[in-house]
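Have the viewer open as you read.

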Amino acid sequence: MAEIYKLIHPVKYFNDYLSRKIRPDGRAFHEQRNIKLNVNSIKAADASAVVKCGNTTVVCGIKLELATPKAEEPDVGFLVTNVELPPLCSSKYRPGPPTDSAQVTSTLVADIIANSKCIDLKDLSIVHDKLAWVLYCDMVCIDNDGSLVDACIMTLMASLKTLTLPKVTYDPETEEISVDTSVRTKLNVNGLPVATSFALYKHEQSNIVLADPSSYEEEMCGGIGANLITCYNNGILCGSQKFGGCNLSIECEEEALKIAKERAQAVEEVVDVCIKNYELEINK
Amino acid sequence: MGSDNTDLKDFKLRPMKCECNYLSKSDGSAILSQGQTVALVSVNGPLDIKMTNQSIEKATLEVLFSSKGGKPAIGDRYKEHVIRQTCETAILGSLYPRTGITVTIQEMEDYGGFLACCINCTCLALLNAGLSMRHTFAAVACAIDELGDIQLDPAPAQLAAARATMTFVFDSRNKTLVCGFTEGSFSEDAHSEALERCRSASQLVFDFYKDIVSKYSYVIG
């Protein structure tokens with residue numbers, strides 16, 4: 001019955017739930033979905049992680065490569081991030097070249113990582129003007145059920161935190177490169193940026209902030225993806241993007257920032273615990 | 001009124017110049033310069049589109065951004081996304097079901113605050129095309145430097161020295177935030193102060209819209 005009602009009166013169905021102060025999936029407005037995280041799940045990659053927030057699942061794999069740095073920036077390595085949204089993850093996507101939303105998500109993720117300054121690209125330099133690391137960070141969405149950017153950032157950061165760089169020796173005379181994979185050093189990661197998505201909905205003259213929206217909620221709130229994405233790193237804002245949805249009032253923004261701050265701590269804990277467990281396991 | 005004026009004096013934007021109906025074949029077009037930053041926008045619609053893209057509820061909005069070099073880049077998709085989402089909230093799309101509205105933005109010169117200029121120019125072109133809108137919208141860019149000072153509508157030199165840049169888009173009715181995006185890292189206080197400053201400065205842009213529109217229309221101007 002409820003399913004038919006949802007099809008015939010989609011907006012009324014959604015409003016009826018919201019007027020009872022509950023969301024269609026049974027969550028309270030500010031309640032977030034469970035997070036499950038696993039690191040180093042792909043053995044072929046140099047570092048990897050899988051995250052599941054509710055149904056949204058994203059896998060990240062990092063591949064290391066060596067390259068010559070750009071002439072204008074000889075002391076800087078490369079961090080290349082890419083988000084893939086295959087048709088597998090949602091019926092919205094078709095096979096073919098990357099869709100607009102995949103490109104927008106890629107830009108958002110790359111911007112957040114660059115703005116948070118969590119990775120100093122100078123750490124990736126090996127020999128001045130000759131050799132630097134390239135980190136290819138590929139994120140593939142397996143199931144897209146909203147709040148995609150949150151999940152992408154989380155798996156990317158978990159992967160980066162477990163990444164170790166092998167020792168490279170470079171002979172300046174013969175230009176010979178030798179990589180010693182048995183000696184590895186950890187990559188320096190400064191803080192842990194955490195993105196939090198929100199959907200904003202106008203319901204009977206009041207604005208409602210829905211934390212961690214599902215893809216159905218994002219659609220009902222009229223956005224392509226989430227309406228508001230805020231990102232914290234070490235308690236400092238490093239990005240706040242708002243697109244579409246209802247217009248954001250000052251109270252709503254404060255509310256959202258508060259939730260984002262709390263979530264940043266929660267996610268940090270999840271990542272730390274997961275990595276600690278992983279390290280205990282390999283040191284056994 | 002007097003006190004309002006003195007308040008606004010603190011909010012200086014670079015001089016804006018605009019010409020509407022710049023293109024002869026578009027339904028609406030505008031070229032806008034804010035300082036040395038220049039954008040050209042053409043709006044066509046409501047027009048016929050393919051059956052597969054039609055929506056029975058509202059007009060389908062298509063935004064195309066072409067950079068000066070003409071080469072498409074991933075960053076351009078992001079700009080299109082920002083402009084599409086802004087227009088989507090502003091245009092009364094339900095008045096034009098099963099049709100399409102195309103907005104084409106051409107980059108002319110980028111001397112800081114380019115996306116804000118594009119958004120303002122888009123609003124003028126939409127007004128010029130005579131599309132029904134819920135509200136007009138105005139974008140204001142600002143930069144926060146190392147000392148925490150906020151500079152509205154920054155020039156390239158100020159952008160280079162900035163630790164964060166932000167752009168906010170406001171609606172004309174309640175001046176609530178329609179769209180906003182930031183670069184760099186900053187504190188919450190800096191963010192809210194920048195937001196308030198831009199909110200006040202957006203009035204200058206709305207006044208400018210009024211000046212421009214009243215030149216060719218007595219009714220809506």
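Among contacts in chain B between residues at least 6 apart in sequence, what percentage join residues at least 24 apart? Bear in mind that we're looking at a predicted model. The answer is 65%, counting heavy atoms within 4.5 Å as a contact.

Now for the elements themselves. Chain B has 9 strands along with 5 helices. Trace them from the N terminus and you get α-β-β-β-β-α-β-α-β-β-α-β-β-α. Chain B is as compact as a globular protein of its length, because its radius of gyration is 17 Å and the globule rule gives 17 Å for 221 residues. If you'd like dimensions to go with that, the C-alpha trace of chain B spans about 55 × 45 × 30 Å along its principal axes.

In chain B, 53% of the 221 residues count as buried, with the cut-off set at under 20% relative accessible area. The accessible surface of chain B is about 10300 Å², and carbon and sulfur atoms account for 51% of that.

Let's finish over in chain A, with helix 4 (residues 148-162). Its 15 residues, at 1.5 Å each, should span 21 Å, and the end C-alpha atoms are 22 Å apart, so the two agree. Is helix 4 of chain A largely enclosed or largely open? Of its 15 residues, 14 are buried, so the rest of the structure largely encloses helix 4 of chain A.

Conventions. Residues numbered from 1 in each chain as written. Chains lettered and ligands numbered in written order. Predicted model: local features only at pLDDT ≥ 70, side-chain atom pairs only at ≥ 80, totals over all residues. Heavy atoms only, no water. Helix = DSSP H or I, 4+ residues; strand = E, 2+ residues; numbered from the N terminus. Rg over C-alpha atoms; globule rule 2.2 N^0.38 Å. Buried < 20%, exposed > 50% of the residue type's maximum accessible area, 1.4 Å probe, protein only. Areas by Shrake-Rupley, 256 points an atom, 1.4 Å probe, with all protein chains shown as cover. Expected span 1.5 Å × (residues − 1).
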